[in-house]
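Okay, thanks everyone for coming. Let me put the sequence and the model up, and then I'll talk you through it.

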2 protein chains.
Amino acid sequence: MKLNERHLMQLAAVLDAGGVSEGAAMLGLTQPAVSRSLNMLEARVGEPLFVKGRRPLQATQLGFQLAAQGRTIITASRKASDAVQGFMKGTKGVVRVGGVPFFMDAMISRMIGEFQNLEPEVTVQQSYLNLPEMVAALEGNQIELGIVPIGVLDLGPGFEFTEILPGRNIVACRPGHPLLRNRRLRAHDLTSFPWVAPLPGSPLMSDLQMILMSIGMSDLNIRYSGGSLMSVINYLAETDALAVLPFSVVFAQRKENRVTVLPYEIPQPNRSLGILRRVGGLRAPAAERFAAHVTTSFENLRHIIKRHENAVVWGR
Amino acid sequence: MKLNERHLMQLAAVLDAGGVSEGAAMLGLTQPAVSRSLNMLEARVGEPLFVKGRRPLQATQLGFQLAAQGRTIITASRKASDAVQGFMKGTKGVVRVGGVPFFMDAMISRMIGEFQNLEPEVTVQQSYLNLPEMVAALEGNQIELGIVPIGVLDLGPGFEFTEILPGRNIVACRPGHPLLRNRRLRAHDLTSFPWVAPLPGSPLMSDLQMILMSIGMSDLNIRYSGGSLMSVINYLAETDALAVLPFSVVFAQRKENRVTVLPYEIPQPNRSLGILRRVGGLRAPAAERFAAHVTTSFENLRHIIKRHENAVVWGR
DNA sequence: CAGCTTCATAGCAAAATGCTATACAAGCGG
DNA sequence: CCGCTTGTATAGCATTTTGCTATGAAGCTG
C-alpha cells in the first residue's frame with residue numbers, strides 16, 4: 001500500500017487550513033486540484049478520510065493520522081529547501097577543516113567559536129592533518145579547507161593557497177627560565193637544556209632539524225615528544241626545557257603567561273601559514289565564509305602583534 | 001526554492017543503497033528514472049549533489065543534507081502506509097469511547113487495560129457521557145462507541161445497540177452495616193439511614209426516584225451527591241449511608257470488600273447496559289475489536305456472577 | 001427557502017514519470 | 001597500458017499525473 005506523498009501533504013494542508021480551498025491556497029494550488037488529490041488518496045486507502053456531508057469539513061481518525069505524516073513530509077521538504085538556501089548563503093551546512101595540530105589548538109579553535117557566534121547554524125568538523133594527508137583529504141573531498149604552513153613552491157595544480165601569516169619560529173621556554181637572565185645567548189647555552197620535540201611529521205619537526213644544523217650540534221637532548229599544544233605548554237611551564245614553536249602560537253598564549261620567547265635568533269623556515277583549498281572543487285559558501293573569517297582574524301592578529309612589539313620589549 | 005519530495009526520497013535511497021542502480025532497485029524503479037530525477041534535483045538546487053567522476057559515488061555535503069530530509073519523507077510515507085494497514089486490521093488507531101461514569105470506572109477502564117495488552121498500538125480516549133450527550137457525540141462522530149444503559153425503545157434509527165448486561169440495581173452499603181443484621185427488612189428501615197445520590201443526569205438518578213415511589217416516601221435523607229464511583233464507595237465504606245448501584249458495579253468491587261449488597265428487593269429498571277454505535281457510521285475496525293472485547297468480557301463476567309451466586313449466599 | 005459559500009466533477013493541456021535501448025565513463029586485471 | 005567489466009547518463013517514446021478553467025452540486029445561514 002504505497003501512498004502518494006504529495007497527496008499526504010495536501011491532506012495535511014487541508015486539515016490545517018480548515019478547508020479544501022484554504023488548503024489549496026496554502027499550497028499555491030487550485031481547489032479542484034486538491035479536491036481530486038484527496039479523492040485519489042481516499043480511493044487508494046479504501047477508507048473514508050472525511051465524514052461526508054459535513055460542512056465544517058471533518059476528518060476521520062484515519063484522516064488525522066495520515067495528515068500527521070503529511071505534515072512531517074511538508075516540514076522535511078521545507079527543511080530541505082532551507083538547507084539549500086542556507087548552503088548558498090553560507091549560513092548553513094558543514095565545514096570540514098583540517099589543520100596542523102598546534103595552529104588548530106592555539107588559534108583556529110578559537111576562531112571557530114567566534115565564527116559560530118556569527119553563524120550558529122554552520123557545523124565545523126575539525127581534523128588534525130599535516131601537509132601530505134591534507135592534500136589527499138582535499139583531493140578526496142574529505143575536507144573543504146586546510147590550515148597548513150606551506151613553502152612557496154609546494155602547492156600543485158588545482159590548489160589555492162591563501163597566506164594568512166608569515167612563518168616565524170622562536171624558541172619557547174617558561175617565563176622564569178635561567179637562560180632569560182643571560183645578556184647574550186650562545187648556541188651551546190641552548191644545547192645544555194632538554195628539548196621538546198614536536199609531533200612527528202609536523203613542519204616544526206623539520207624546523208627543529210634545521211636549527212640543529214645551525215647550532216652545529218648533531219643531536220639535542222630530547223626528553224619529551226609527541227604532545228599536543230596543551231601538553232607541550234604544560235610541560236614547558238613545569239621544566240627548563242626548550243621548544244621550537246611558531247611565534248604566533250606563543251603569542252596567542254600570552255595572557256596565560258606560561259610560556260615566553262627566548263631571545264635567540266634561529267633560522268626561519270621559508271614557509272607561510274595559510275588556507276589551502278581546491279580551486280576546481282565544489283562551491284562551499286559556508287567554507288568560504290569561514291575562510292574569510294579566519295583571514296580577517298589573522299589580519300587583526302598581525303596588527304595586534306605589531307602594536308604589541310612596538311609597545312613592550314617582548315622576547316628581545 | 002520548492003524541491004520535489006519524490007526526488008529527495010530517491011536521493012536518500014541512492015545514498016543509502018550506495019549507487020543509483022541499487023537505489024533504484026530499492027524503490028522498485030529503473031536506474032535511468034532515478035538518474036534523471038537526480039539530475040533534475042541537482043538542476044533545481046543549482047549546486048552539485050555528487051562529486052563528479054568518482055566511482056564509489058560520493059555525495060557532497062549538501063547532497064547528504066538533502067538526503068537526510070528525503071529519509072524522513074520515506075519513513076513518514078511508510079508510517080502512513082502502516083497506519084492504513086493497521087487501521088484496516090484494527091491493530092492501530094484511536095478508539096473514542098463514551099460511557100456512563102460508574103460503569104466506565106468499575107468495569108470498562110479495566111477492560112481497556114486488558115484490551116491494550118492485546119493491541120498495544122490502539123489508543124483509547126475515554127469520556128464520561130450520559131445518554132443524550134452520547135447520542136449527540138455519536139452523531140457528531142466525536143466517539144465511536146458508547147457504553148450506556150438503555151431502555152428497549154429508546155434508540156432511534158441509525159443506531160445499533162448491543163446488549164452486554166441486563167440492568168439490575170441493588171441497594172449498596174458497607175459490609176458492617178446495622179441493617180445487615182435484620183432478618184427481614186422493611187421499607188421504613190431504609191428511610192432511617194442517609195442516602196447517596198448519584199450524578200445528576202445519570203440513569204441511576206431516575207432509578208432512585210423509582211425506588212422512592214415504591215417505598216412510598218416522598219424524599220430520602222440525601223446527604224451526599226455528585227461523587228464518582230470511587231468517591232461513593234469511599235463514602236459508603238465510612239458511613240452507614242445507602243446507595244442505589246448497579247449490581248455488576250458492586251460485584252466488580254467484591255475483592256476489595258468495601259461495599260456489599262443489602263438484601264432488599266427494589267423495583268428493577270427496564271434497561272440493559274450495552275454498546276451503542278452508529279450503523280451507517282464509518283468503519284472503525286479497532287473500535288469493532290474493542291467492542292468485541294468488551295462483549296466477551298461481559299459474557300465471561302455473567303458466568304462468573306452465576307457461579308458466584310450458586311456457590312455463596314451473597315446479598316440474600 | 002433563497003442566497004452564499006464551499007466542495008466535486010468535467011474536460012483539456014502540459015509536465016512528469018516510467019520504460020527500453022544505447023552510449024559513455026571510471027575502475028581493474030592481465 | 002589496453003581492453004573488459006560495471007555502473008551511470010542520455011535518447012526516445014508511451015503513459016500517468018498534475019494543473020488549470022468552467023461549471024454543477026451540496027450544506028449552511030439568515
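I'll go over a sheet in chain B, then a cavity in chain A.

Quick housekeeping: this is a predicted model, where local features need pLDDT of at least 70, side-chain atom pairs count only at pLDDT 80 or more, and totals for chains, interfaces and linings use all residues. Residues are numbered from 1 along each chain as its sequence is written, chains are lettered from A and ligands numbered from 1 in the order written, and side-chain values use heavy atoms, leaving out hydrogens and water.

So, the sheet. In chain B, 5 strands make an open, mixed sheet, ordered E9-E8-E10-E7-E11; strands are DSSP runs of E, at least two residues, numbered from the N terminus, and a pair needs at least two DSSP bridges. E9 (222-225) and E11 (260-262) of chain B sit at the edges with a single partner strand each, so one side of each has no neighbour in the sheet. E8 (residues 195-197) of chain B runs parallel to E9(B), joined by 3 bridges, and B:Ala197 has B:Ser225 as its bridge partner there.

Now the cavity, meaning 1 Å grid points over the protein atoms alone where a 1.4 Å probe fits but cannot get out, with lining residues having an atom within 4 Å of a point. There's 1 cavity of 30 Å³ or more. Who lines the largest cavity? A:Phe102, A:Val196, A:Ala197, A:Pro198, A:Val232, A:Ala243, A:Val244 and A:Leu245. E10(A) gives the largest share, 3 residues.

Conventions
Helices (H or I, at least four residues) and strands (E, at least two) are DSSP runs, numbered from the N terminus. On a 1 Å grid over the protein atoms alone, a cavity is a set of points where a 1.4 Å probe fits but cannot get out, and a pocket is an open set with protein on both sides within 12 Å along at least five of seven lines; lining residues have an atom within 4 Å of a point. Grid points are joined across faces, edges and corners, and a volume is the space filled by probe spheres set on the points.
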